[in-house]
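User: Could you walk me through the annotated site in this model?

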Amino acid sequence: MSATARKIAPNAQDIQARKGSVPLVSLTAYTTPMARLMDGHCDFVLVGDSVGMVLHGLSSTLGVTMEMMILHGQAVARGLDLSMLVIDMPFGSYEEGPAQAFRNAARLMAETGAGAVKLEGGVEMAETIRFLVKRGIAVMAHVGLTPQSVNTLGGYKVQGRDDQAQAVLADARAVADAGAFSVVLEKVPATLADRITAEVAIPTIGIGASAGCDGQILVVDDMLGFFTAFKPKFVKRYADLGPLAEAAIAEYAAEVRARSFPAAEHVFADQAPAKGAKA
């Protein structure tokens with residue numbers, strides 16, 4: 001093979017094969033420009049239903065629709081060449097049963113070109129995951145804190161402490177046995193995350209879990225400091241761009257009001273410039 005051969009994005013089998021190897025890297029994305037920034041740095045990019053809270057101002061993910069996920073999925077797909085695209089199935093699009101899940105997953109993949117879908121739930125979703133996988137749809141599972149179940153979980157609480165640990169472990173085992181190619185572990189104790197990582201045959205992707213997981217994911221607006229409504233304990237701010245953006249906007253507003261913007265270099269002359277000169 002030529003040393004200059006074009007690299008292609010990984011698929012679900014490639015991700016699964018990374019179990020126990022170099023940690024997998026992932027972030028969420030909802031727009032084409034953000035996807036372009038992370039393309040190639042991430043093994044897979046997730047169009048998360050967190051888009052409802054991050055970009056649409058919703059109080060939870062429960063109001064996110066299929067149409068929203070498709071729209072943002074298409075936008076992110078335009079920005080990716082080297083990273084796999086995974087898309088969340090929104091609340092109400094798969095819980096009714098395997099047939100409903102297949103229809104909606106097939107639509108998501110057909111209209112966005114995604115390589116896989118992600119859905120929340122453990123033991124209760126195993127039958128649905130098995131149904132989808134047998135019909136050619138790669139599934140990333142999600143156990144522990146499942147935000148779409150926030151109303152029944154009593155809030156965004158850590159899952160898997162004390163007598164809950166066995167239930168979360170059973171969920172992880174069930175989705176792996178059903179054919180999921182990886183599983184997100186959200187907001188579970190580090191010791192439990194390490195045990196799950198050691199006992200299941202598919203990669204674990206941590207978010208508020210453990211550095212011992214097979215990979216990590218964060219919401220990009222959290223780690224860049226754009227989303228400031230709240231900051232989960234598990235988020236590390238790699239940049240604080242929100243205040244920088246606000247300061248830039250304030251400076252722009254002040255210059256417009258002072259009529260110092262636009263300046264001469266930002267406007268156009270009556271006559272076209274000579275050939276080779278700036279317009």
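This is a predicted model: local features need pLDDT of at least 70, side-chain atom pairs count only at pLDDT 80 or more; totals for chains, interfaces and linings use all residues.

Analyst: Residues are numbered from 1 along each chain as its sequence is written, and side-chain values use heavy atoms, with hydrogens and water left out.

User: Which residues does the UniProt "binding site" annotation cover?

Analyst: The record is an unreviewed entry, and such annotations may be inferred rather than shown by experiment; positions follow the numbering used here and feature names are shortened.

User: Is Asp49 buried or exposed?

Analyst: Asp49 sits in the loop between β2 (44-47) and α3 (51-54); strands (E, at least two residues) and helices (H or I, at least four) are DSSP runs, numbered from the N terminus. Buried means under 20% relative accessible area, exposed over 50%, partly exposed in between (1.4 Å probe, protein chains only). Because its relative accessibility is 5%, Asp49 counts as buried.

User: With which side chain does Ser50 make a polar contact?

Analyst: Ser50 is in the loop between β2 and α3 too. A polar contact is a pair of N or O atoms within 3.5 Å; within protein, one must be able to donate a hydrogen and the other to accept it, and residues adjacent in sequence count only if both atoms are side-chain atoms. At 2.6 Å, the partner of the Ser50 side chain is Tyr30.
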